[in-house]
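These are my notebook entries on one structure. I record here what I looked up, entry by entry.

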Amino acid sequence: MSMHDRLSLSRRKVLGAAAATSALGISVQALGQDQVASAREPRTTFLLVHGAWHGGWCWRDVRAVLEGAGHRVITPTLSGLGERAHLMSPEIGLATHIEDILAVIRFEDLSNFVLVGHSYGGMVITGVVDAMRDRISHIVYLDAARPTHGQSMITQGPDRPVAVIEQTEAALRRLAPDGAAMNAFPPELLGIPADHPSYGWVAERLTPHPLKTWLDPIALENGGSDGLARSYIHCTDPVLPNSSFPWHAAETEADPTWHYRALATGHDAMITAPRETAALLLEAAVTA
């Protein structure tokens, strides 16, 4: 190819790109310097961790709101769930899910970010923050488990008799007829009304959850979230029945080391109240 031909080809590429940009109604000048800088450098990074039976997909609407405001949002799916359901194994435990998120942080080279966990995801983010305290600027529990050292998903929360814990474990094992994964609850038990526009979308995507992750005790060598900027958001309308979350809400509301908020929606707030949820996450991001 001659020099003239190469120059002509380059000119056509430039003109073609310019035409495409014009057709979309986009120009650097029209965006303005502040918006260009915002698009180039998101103001806050949010790492959102889903709960049992869900996947990264459940944050779709919250992610759209946060990204629309110029922030970076990462929504991984834990092993054995969502689009990773084909990896289900009896060996997937709480440590597996904690390592899932630690790997995301390492490979994305994240620091000074907001870590959010919903429901069972509170177990996961507690283990993550214990391992990487210096990387996280704020940790948010969205209607979530808040374990201390040695507790599991079924023992965290208020003290209960051993017999009650044993009954809970037996019920969970009945949900897992194959011994590996617990069948999903229907969306209405998660606070999503049957007439909600996203009910069917959620019902189609819920997948069985690894049983072992709920039975494994958590090991916290560095105090979990103690001493860090942290928030608890409690979903109150309706409150998730038979859960530890109202107890956690009362504990954190009375503790000045926590930033507490109540949200008048069901447990799956990211589905039923995505804008309100995003607003509280943004509020947490600027709370020391």
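Are Tyr232 and Trp258 buried or exposed? I find that Tyr232 is buried, and that Trp258 is buried as well; buried means under 20% relative accessible area, exposed over 50%, and partly exposed in between, with a 1.4 Å probe and protein chains only.

Entry on the source. I note that this is a predicted model, in which local features need pLDDT of at least 70, side-chain atom pairs count only at pLDDT 80 or more, and totals for chains, interfaces and linings use all residues. Residues are numbered from 1 along each chain as its sequence is written, and side-chain values use heavy atoms, with hydrogens and water left out.

Entry on confidence. I looked up pLDDT, the predictor's confidence in each residue from 0 to 100. The chain has a mean pLDDT of 88, and 85% of its residues reach 70 or more. Over residues 1-40 the pLDDT is below 50, and this stretch has eight contacts beyond near neighbours in sequence; a contact means heavy atoms within 4.5 Å.

Entry on aromatic rings. I counted rings of Phe, Tyr and Trp (its six-membered ring) as a pair if their centres lie within 6.5 Å, with planes under 30 degrees apart as stacked, over 60 as edge-to-face and the rest as tilted. The count comes to six aromatic pairs. In one of them, the ring centres of Tyr232 and Trp258 are 6.5 Å apart and the planes stand at 70°, so this pair is edge-to-face. Tyr232 belongs to strand 7 (residues 230-235), and Trp258 to the loop between helix 10 (245-253) and strand 8 (259-263), so the pair ties together parts 26 residues apart in sequence. Helices (H or I, at least four residues) and strands (E, at least two) are DSSP runs, numbered from the N terminus. I also noted one aromatic cluster formed by Trp53, Phe185 and Trp214.

Entry on charges. I searched the whole structure for salt bridges (a side-chain nitrogen of Lys or Arg within 4 Å of a carboxyl oxygen of Asp or Glu) and found 10. Among them, Glu108 pairs with Arg72, with the closest N and O atoms 2.5 Å apart. This pair links distant parts of the chain, 36 residues apart, with Arg72 in strand 2 (residues 72-74) and Glu108 in the loop between helix 5 (94-107) and strand 3 (113-118). Lys212 forms another salt bridge with Asp216, at 3.0 Å; Lys212 is partly exposed at 32%, whereas Asp216 is buried at 15%.
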